[in-house]
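User: I would like to learn how to read the packing in a model like this one. Could we take the aromatic rings, then a helix, then the strands?

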Amino acid sequence: MILLSFDTEEFDVPREHGVDFPLDEAMKVSVYGTNKILDCLKRNNVKATFFCTANFAKNSPETMKRIMDEGHEVACHGCDHWEPKDTDVKESKKIIEQLTGITANGYRQPRMFPVSDKDIEDEGFKYNSSLNPAFIPGRYIHLTCPRTCFMRGNVLEIPSSVTPWIRFPLFWLSCHNLPTALYHWMIRRVLKHDGYFVTYFHPWEFYELKKHPEFKMPFIIKNHSGKGMEDRLDSLIKMLKGKGYEFITFSEFTEIKTAELKKGSK
């Protein structure tokens, strides 16, 4: 099973590098990238899960409609990606559900930072995907956390996939910078070991970042961005489909795994 996801947020990465970047410009970049992603998914006839900030949902109703019309899942990704607040779990669910008319089953904290387990369960989320169980200096130190999905109360925790043993992360940065053949091989190793694969990307990766030195972004983020990232996503999907793997939403996976884990605990 393949759980493909996109953190659909306003583009705030330049602000991490001291560049003032207004919301309207941030939205233009993210809307452009989201549509490029949707085009690729449509060509390949696969479904994914879009973790959307309240900011993105409020400022891009047409794109949100396209996500849902094309059969993808919408989940929550906080409110303002740049300034997370303790109230975001509750507020993001309320806003997303009001704007879309759907029930949001899942949550992912911006930047996969820690989030209150109690708040997640109190708001009725069925799954939480806010954990990257890897060691990434300056970002994550999660080597003692579970590497695969597990129940925390009534909520299924769905970590991003990392390789067995050394826990090498197979998220967006890996896709940008590893040779494609190596990246695909590592994913197949995870699938053989775990039976499923979880990864995530961002819309702004599909924007031509190299053409904008004013963003002051490091090479490892700009590398293979824009058309290069479209090609890499397309290649990844084709490889996995060619091997017979099934693309499912996080809610579909949650229904399967929650039943399995609860049955196994009896």
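**Reading rings, a helix and strands**

Analyst: Phe11, Phe21, Phe171, Trp172, Tyr200, Trp204 and Phe215 are joined by ring pairs into a cluster. Please keep in mind throughout that this is a predicted model.

User: By what is a pair of aromatic rings described, and how many aromatic pairs are there here?

Analyst: In general, one gives the distance of the ring centres together with the angle of the planes. In this model the count comes to 15 aromatic pairs. One of them joins Phe11 and Phe215, whose centres are 5.4 Å apart and whose planes stand at 65 degrees, an edge-to-face pair. Since Phe11 belongs to the loop between β1 (2-8) and α1 (13-16), and Phe215 to the loop between β10 (197-201) and α9 (219-222), the pair ties together parts that are 204 residues apart in sequence. Phe11 and Phe215 are both buried.

User: Why is the pair of Trp172 and Trp204 called edge-to-face, and where do these two residues lie?

Analyst: The ring centres of Trp172 and Trp204 are 5.3 Å apart and the planes are at 85 degrees, so the pair is edge-to-face, given that planes over 60 degrees apart count as such. Trp172 lies in helix α7 (residues 172-177) and Trp204 in the loop between β10 and α9, so that the pair links distant parts of the chain, 32 residues apart. Trp172 and Trp204 are, moreover, both buried.

User: Which charged residue has its end over the ring of Phe51?

Analyst: That is Arg108, whose charged end sits over the ring at 4.0 Å from the centre of Phe51.

User: Turning to a helix, what span should helix α8 have, and which of its residues are buried?

Analyst: With 1.5 Å a residue, the 15 residues of helix α8 (residues 180-194) should span 21 Å, and the C-alpha atoms at its ends are 21 Å apart, which agrees. The buried residues of α8 are Tyr183, His184, Met186, Ile187, Val190, Leu191 and Asp194. Viewed down the axis of α8, these buried residues fall within an arc of 160 degrees, and therefore they line one face of the helix. They pack against β1, α7, β10 and α10 (227-242). The face turned away from the buried side of α8, by contrast, carries the exposed residues Ala181 and Lys192. After α8 comes Gly195, with a positive phi near 90 degrees.

User: How do the side chains of a regular strand alternate, and which residues of β1 lie on each side?

Analyst: In a regular strand the side chains alternate between the two faces of the sheet. For β1, one side holds Ile2, Leu4, Phe6 and Thr8, the other holds Leu3, Ser5 and Asp7, and all of these are buried, so both faces are covered. In strand β3 (residues 73-76) both faces are covered as well, with Glu73 and Ala75 buried on one side and Val74 and Cys76 on the other.

User: In which sense do β1 and β10 pair, and which residue stands opposite Ser5 in β2?

Analyst: β1 and β10 pair in the parallel sense over five bridges, and Phe6 stands opposite Phe201 in β10. β1 also pairs in the parallel sense with strand β2 (residues 49-52), over four bridges, where Ser5 stands opposite Thr49. β2 and β3 in turn pair in the parallel sense over four bridges, with Ala75 in β3 as the bridge partner of Phe51.

Definitions and conventions
Residues are numbered from 1 along each chain as its sequence is written. This is a predicted model: local features need pLDDT of at least 70, side-chain atom pairs count only at pLDDT 80 or more; totals for chains, interfaces and linings use all residues. Side-chain values use heavy atoms; hydrogens and water are left out. Rings of Phe, Tyr and Trp (its six-membered ring) pair if their centres lie within 6.5 Å; planes under 30 degrees apart count as stacked, over 60 as edge-to-face and the rest as tilted. Buried means under 20% relative accessible area, exposed over 50%, partly exposed in between (1.4 Å probe, protein chains only). A charge sits over a ring if NZ of Lys or CZ of Arg is within 6 Å of the ring centre and within 35 degrees of the ring normal. The expected span of a helix is 1.5 Å times one less than its number of residues. The arc is that of the directions from the helix axis to the C-beta atoms. Contact means heavy atoms within 4.5 Å. Two strands pair if DSSP finds at least two bridges between them.
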